[in-house]
Amino acid sequence: MARAPLGRRRRRAALAGLLAAGLLAATPLTTPANANPAGVGPAAVAPAGPRVAATISAAAPADSTLPVDTPVLTWSDCGFGLQCASFLVPRSYQDPDAGTIRLAVLRRPADRPAQRIGSLVVNPGGPGGSGVDLAAAAEAYLSPSVLDRYDVVGFDPRGVGRSDPIACLTDAQTDRFLAQDPTPDTATERRSVAALSRLFGRACQQRSPRLVAHVGTRDVARDMDLLRAALGDERLHYLGFSYGTSIGSTYAELFPARVGRFVLDGAIDPSLDLVGLSLAQARGFERALTRFAADCPRHAGCPLPRGTAAAVRTVRSLLRGLDARPLPGRPGRPLTEGLGTTAVLGTMYDDTSGWPALRDALRAALRGNGRPLLDLADLFTGRLPGGGYESNGTDALYAVSCWDYPATPGVAGTRRDAARFARVAPTFGAPLAWSNLPCATWPGHSTVRPHRVRAPGTPPILVVGTRYDPATPVGMAKALARQLSRGVFLEWVGDGHTAYGRGSRCVTRAVDTFLLRGVPPADGTVCR
């Protein structure tokens, strides 16, 4: 069972690399990043161990002085002109003496230091994406003019990657979690899903007891302000993608006077709870699948029937059929409905590389070979050929999301959500609803509820949305731009997830002008 991660830029780059090498095409979200089931009534799941007290005040003061010293960054050469360092932050900002967390950070120095504007901190989303990796790959998506004048800096947020990563499920448990039934339609299946969901939160509590209550986004925003101070910048310049926009809007709310040039691309509406966010994603992925189906016949070898509705039904029937009869995949690993759903969801993030890969994988699956779809699911979730995972991305995705949001419904409530979601998103609605179930029994939640973020006192903040974005539908970007006291909305009429660095000259020109000169485009500008 998978939730639709809010940011998968690294997956997209990896997918493009495999396609270039011809590996996927030649081979005869698990689940969406926001699906979880929880319930009440006879099948209600019990709390997963003792609850952890929330550590963030709901009324945290804006722009408050942090009660800790500015860290010192000691840079070392880590190859290819890049510099690496680490710094310590309090595990709890409520109790700065209760231990520390070490965060990894990487810097790509400006190409023209004499014209340097400052540091540009970047984040790829997730939750669970590596800012270190994104900064290291800066030349792949940032314009030369931006690289000339900014040090590009990325850090792995607390609990992620190289920064004291949170540990929850073992590799074998992660395999089971990702492969499980995303549409449990019998009492036995629902009990199995509920048991795995309880296990997830309990495993985080047992394996990371000192960290599970301290990976929330408000703590990450405070860490980012310490990084700003350590870099010597009076204001923070920031480029955040997907979930990275949540980090950015939270920072703007806490530290409005320290906001510099902020670009929030593929934005999340902070007023939505996890159920509302999942429903928006279900609609977004359903629309993306429809657009993929409409585009497919334009390409030689399209395995789907003509007619968009018939093509979508074919994909939906294939996925549902995997529930009773998984397809052969790799030795000991069949293609289940959960893994097949993850594969299709993952390819929706990028029409340029993902859609061609999906066409080839569907052609094989419709002939009885599930291996290409299984390989796409593994690529999306970071599963390595030997059975391990390249990062703790699945653990971090749930640990951050479940902490940030109020508890989701139990099994009975999730069944109702799944039925409601399925009416507007027949393919992805139920899986995305059920993917939220671990958060129903998570061992703690922030006391800060979803709310509208205004952040008065900031300079203009540029919010970018992609019209057919599946993971962060454009309506969420519009909502955030309206909420922010000085939000400016820029729309790209494109497919896939996020906009900047994906080929639109109009978007590139608007974002670059803002980063280099501080001049945003007119509010409501549309790039075609």
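Two strands pair if DSSP finds at least two bridges between them. Helices (H or I, at least four residues) and strands (E, at least two) are DSSP runs, numbered from the N terminus. This is a predicted model, in which local features need pLDDT of at least 70 and side-chain atom pairs count only at pLDDT 80 or more, while totals for chains, interfaces and linings use all residues. Residues are numbered from 1 along each chain as its sequence is written, and side-chain values use heavy atoms, with hydrogens and water left out.

The protein chain holds 18 helices and twelve strands. Of its 528 residues, 61% count as buried, meaning under 20% relative accessible area with a 1.4 Å probe, protein chains only.

Strand E1 (residues 76-77) pairs with strand E2 (residues 83-90) in the antiparallel sense over two bridges. Across this pairing, Asp-77 stands opposite Gln-83 in E2. The two strands form a hairpin with five residues between them, and Gly-79 in the turn has a positive phi of about 90°. E2 also runs antiparallel to strand E3 (residues 100-108), joined to E3 by eight bridges. Val-89 has Ile-101 in E3 as its bridge partner.

His-214 lies in the loop between helix H6 (187-207) and helix H7 (217-231). With a relative accessible area of 11%, His-214 is buried. Its side chain reaches the backbone oxygen of Arg-91 at 3.2 Å.

Helix H13 (residues 371-381) is largely enclosed by the rest of the structure, because ten of its eleven residues are buried. Among them are Leu-373, Asp-375 and Phe-380. Just after H13, Gly-382 takes a positive phi of about 80°.

Conventions
Buried < 20%, exposed > 50% of the residue type's maximum accessible area, 1.4 Å probe, protein only. Polar contact = N/O pair within 3.5 Å; in protein donor to acceptor, adjacent residues only side chain to side chain.
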